[in-house]
Amino acid sequence: MTEATDLAEQAGARDPRVGLRAVAALRRLLEQLEAVQVRSARNQGWSWQDIAAELGISRQAVHKKYGRR
């Protein structure tokens, strides 16, 4: 299994400590994956608007988060 699959399974644990730790780890992983994909899209010439549309957020939000990286 992959790390993400393991974490997703743990997120449903009966023990809240295990579940919450898994949720936090998934959140960190998701942020990393999003940053990689935004960087890839920008390198391929995508506009901030195009990226924002795919993420379901505003152009301003995505630019604020990733524009200075």
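Let me start with a definition: a residue is buried when its relative accessible area is under 20%, exposed when it is over 50%, and partly exposed in between, using a 1.4 Å probe and protein chains only. By that rule, A53 counts as exposed, because its relative accessibility is 51%.

Before we go on, a word on what we have. This is a predicted model, where local features need pLDDT of at least 70 and side-chain atom pairs count only at pLDDT 80 or more, while totals for chains, interfaces and linings use all residues. Numbering runs from 1 along each chain as its sequence is written, and side-chain values use heavy atoms, with hydrogens and water left out.

Now the overall picture. The protein chain has four helices and zero strands, and along the sequence the pattern reads α-α-α-α. Helices here are DSSP runs of H or I with at least four residues, strands are E runs of at least two, and both are numbered from the N terminus.

Of the 69 residues, 19% count as buried.

On to the core, please. The largest nonpolar core holds eight residues: A35, V38, A41, W48, I51, A52, V62 and Y66. Helices α2, α3 and α4 (59-66) are the elements that give two or more residues to this core. A nonpolar core, by the way, is a set of buried Ala, Val, Leu, Ile, Met, Phe, Trp, Tyr and Cys residues joined through side-chain atoms within 4.5 Å.

Have a look at V62 in that core. Leaving aside neighbours within four places in sequence, V62 is in contact (heavy atoms within 4.5 Å) with W48, I51, A52, L55, I57 and G67.

Back to A53, which sits in helix α3. Its C-alpha atom is 30 Å from that of G12, 41 residues apart along the chain.

And what about G45, buried or exposed? G45 counts as exposed, because its relative accessibility is 60%. You will find G45 in the loop between α2 (16-43) and α3 (48-55). From G45 to G12, 33 residues apart along the chain, the C-alpha separation is 39 Å.

Thanks, everyone!
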